[in-house]
Amino acid sequence: MDLLLLPLFSFLVGIVVGLTGIGGASLITPMLIFVFQVPPAVAVSSDVVAATLMKVVGSIKHWQQQTLDGEVVKWLALGSVPGSLFGVGILHLIKRNGEYDLNNITLHLLGVIILLVTVLALVQMVLLTFFPKLQLPELPKFDLKTQLGRLQTVSVGAFLGWIVGLTSVASGSMFALVLIGFFRLDTRKLVGTDISQAAILLLFTAFGHLTLGTVDWNLVLPIWLGSVPGVLLGAKICQIAPQKPLRFIIYFILMIVSLKLVN
């Protein structure tokens, strides 16, 4: 493995995450698998641990800038944390059973989830960009001042957390769609809220993956070396950078990656 190449790529991914709140695991995990030939199960677990620090640093930066919604972060985390631990528990069962190939299952799950997230995000962006006057059925807005709104938020968080626990993917991308669809957050607070809830979610998910024994610290440390300064730089640029063109480019890349994983 090229010890200079991994921090460099991770730095670029960190900038993307700080700028848009998406693309962390969706880019780093496939990069580890295809570029550095890392087994999928090891790539997923190592990326979860590595992404945790990146997201925590990014969330602190957005908190200092007051570009996040603390209430949304709290209620999503109350669902996503137990959901992710349940997902990691399923991986433990698969590994202990020994009947199925954990690497093969992880690889295909990864591809399907990235593809699903990317297609949903692209459809939403295309409709909003090219058909702004198109009247689509509006999703209900979650009101966190009510019991129902809190229950809805915790439930959605639990489901998405389960997916993150299984694949390491969607801690940013899928939650971003939820924040847009159910909370109507503006772009500035969207990115900060997305990164902050992902930081809490990944903190607990990382502990679960450490118990699997599939974390490679020779991967985690170089990723940290590149991604942490990258996410700080991205979070700073986020205040002035246009979001839509960046997201189109990222989703296009993710589409190619997901098709490669599924095949």
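Student: Which side chain does threonine 67 join by a polar contact?
Tutor: That would be histidine 62: a polar contact of 2.8 Å joins the two side chains. Bear in mind that this is a predicted model.

Student: Where does threonine 67 lie?
Tutor: Threonine 67 is in the loop between α3 (40–65) and α4 (70–97).

Student: Is threonine 67 buried or exposed?
Tutor: Buried. Its relative accessible area is 2%, and buried means under 20%.

Student: What does threonine 67 touch, not counting residues up to four places away in sequence?
Tutor: His62, Arg188, Lys189, Gly192 and Thr193. His62 is also the partner in the polar contact of 2.8 Å.

Student: OK, switching to the whole chain. How many helices and strands are there?
Tutor: Ten helices and zero strands. Read along the sequence, the pattern is α-α-α-α-α-α-α-α-α-α.

Student: Why call the chain as compact as a globular protein of that length?
Tutor: Because the radius of gyration is 17 Å, close to the 18 Å from the globule rule for 263 residues. Along the principal axes, the C-alpha trace spans about 50 × 35 × 35 Å.

Student: And what share of the residues is buried?
Tutor: 53% of the 263 residues. As for contacts with a separation of 6 or more, 84% come from residues 24 or more positions apart.

Student: Last one, charges: how far apart are the mean positions of the positive and negative ones?
Tutor: They are 9 Å apart, for 16 positive and 11 negative charges.

Terms used:
Residues are numbered from 1 along each chain as its sequence is written. This is a predicted model: local features need pLDDT of at least 70, side-chain atom pairs count only at pLDDT 80 or more; totals for chains, interfaces and linings use all residues. Side-chain values use heavy atoms; hydrogens and water are left out. Helices (H or I, at least four residues) and strands (E, at least two) are DSSP runs, numbered from the N terminus. The radius of gyration is taken over C-alpha atoms; the globule rule is 2.2 Å times the number of residues to the power 0.38. Buried means under 20% relative accessible area, exposed over 50%, partly exposed in between (1.4 Å probe, protein chains only). Contact means heavy atoms within 4.5 Å. Lys and Arg count as positive and Asp and Glu as negative; His and the chain ends are not counted. The place of a charge is taken as NZ of Lys, CZ of Arg, CG of Asp or CD of Glu. A polar contact is a pair of N or O atoms within 3.5 Å; within protein, one must be able to donate a hydrogen and the other to accept it, and residues adjacent in sequence count only if both atoms are side-chain atoms.
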